[in-house]
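Colleague: Could you take me through this model? I would like to begin with the overall picture and then turn to details.

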Amino acid sequence: MAPEETTRRDFLKTTSAALAATAVPVASSVWTAKSYAAIPGANDRVRTAVVGCGDRMKQALIPAFSDHAKELNFEFVAVCDIWNHRRDEGAEYIKKVSGFTVEPVRNTDELYARKDVDACLIATADFQHARCGIEAVNAGRDAYVEKPTAHRMDDARNFRAAVHKTGRIVQVGTQRRSTPSYMKAAEYIQSGKFGDIVMVEMSWNVNQPGRWRRPDVVPLLKEQDTDWHRYCMGVIKDNFDARKYLEFRLFWPYSSGIPDQWLVHQIDTVHWFTGLPHPRSCVANGGIYLWKDGRTNWDTMTSVFDYGPIDDLSKGFQVQYTSRFTNSAGGVKELYYSNGGMIDMDKQTVTDTGGLTQKFADQMNMKANLLPSMSLGADKIATDANTGKGDPQTGANMRNWMECVRSRKTPNASIEAGYAHSIALCMNVAAIQTGQKVTFDDKTQQVMVGGKVYA
């Protein structure tokens, strides 16, 4: 699809080279009406479409957008979904939440043929994110694209290339990148005060048999009311199945489940905090141990990643990732360890927990190494993103994208962040599917298993 030539706004006339030279902002800026008056095109409203109006879009992205639309001069103009039920329902929901009257649109071909769409929010099925993102940027639109960016390396490479080629502003839905406590943790670790990371433990545990199930909605979906061929996007060869459409998180290759949904949020912070682009290796184990409801994706998983410089195996650390649907003990945790203590991102604290005490240091004629305690808190999201209808982290990430659409700066959760989490995700998927140790070839940008490219 050829990019549409957009001439309405001066602020959209930015070259890819200029964008490439723009540094990633450390935090979301606080903008005022006076600030916007100085930006070319700031008085033009950014007309935005919804692509995929499912639960995530309705529960998080639409409210987050609506919280900031008036101040930043954005508006909804269209809702695009290939299921007629969600198109009509979505239009009503947007009107209710944001006050904007929007037009239902059947598919993205029709959407991007319109002249009144400048940007879009994309929250489709997991396997569609990169391909929908490519459609958007190639059509000349900026995009907020839900995570995961991609669970196939070809999709990840193609999406990144398309963003760089077109120069569009793309924000990935890993909203920790716009959260103050995580920004403070990144700054603290990168300052060297924490010391070298020696281990990271992450978990995401729930006890929810209905998580990702849609038993009340599945019977409503009829093949004649949607476009199954478009849904598969040329990447899946399968017959129509309402469960795989609406409960896609439970079925490969529509999603990998735990890695697609949860791992990418947490592993993204490892890349961000350390500057490392991907794991050196990954192994995984797990299975469907309790919820035998026809799903193909595991309900329990443990993955172990090795991180560190590719050219110096004497340095590095391990990331242990565990997740289960069968017991919620432990909840969601992100624990970073150094020789001097621990960062607990759940509690938003730095403590000397586990650090080297004087008693054991004396045995080796060493000095104690105990970190001073400090708080990473004050998670009052900048610009009051937590005062509206959406959750604070998504609100801050959405606002940052909206600001960057105006300024043409690189957003906090850039395509490079999405590409990095996609590598870890694809390595995890390969480890699940082969039961082998998985690595990554930097030269070819390919996932490798047993010395061979894993497609």
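Predicted model: local features only at pLDDT ≥ 70, side-chain atom pairs only at ≥ 80, totals over all residues.

Colleague: How many helices and strands does the protein chain have?

Modeller: The protein chain has 14 helices and 17 strands. Of its 455 residues, 55% are buried.

Colleague: Turning to α7, which of its residues are buried?

Modeller: Met-153, Asp-155, Ala-156, Phe-159, Ala-162 and Val-163 are buried in α7.

Colleague: What do the buried residues of α7 pack against?

Modeller: They pack against the helices α6 (129-138) and α14 (415-434), and against the strands β5 (142-145), β6 (170-172), β15 (438-441) and β16 (446-449).

Colleague: What span should α7 have?

Modeller: With 14 residues at 1.5 Å a residue, α7 should span 20 Å, and its end C-alpha atoms are 20 Å apart, which agrees. After α7 comes Gly-167, with a positive phi near 75°.

Colleague: A change of topic: at what angle do α8 and α11 cross?

Modeller: The axes of α8 (residues 180-190) and α11 (residues 258-274) cross at roughly 45° and come within 8 Å. The two helices are therefore oblique to each other.

Colleague: Which residues meet there?

Modeller: From α8, Tyr-182, Met-183, Ala-185, Ala-186, Ile-189 and Gln-190 meet Thr-269, Trp-272 and Phe-273 of α11. By class, this contact has seven nonpolar residues, two polar ones and no charged ones.

Notes: Residues numbered from 1 in each chain as written. Heavy atoms only, no water. Axes fitted to C-alpha atoms, helices over the stretch in contact; angles between N-to-C directions. Helix = DSSP H or I, 4+ residues; strand = E, 2+ residues; numbered from the N terminus. Parallel < 35°, antiparallel > 145°, perpendicular 65-115°, else oblique. Contact = heavy atoms within 4.5 Å. Nonpolar A, V, L, I, M, F, W, Y, C, P; charged D, E, K, R; others polar. Buried < 20%, exposed > 50% of the residue type's maximum accessible area, 1.4 Å probe, protein only. Expected span 1.5 Å × (residues − 1).
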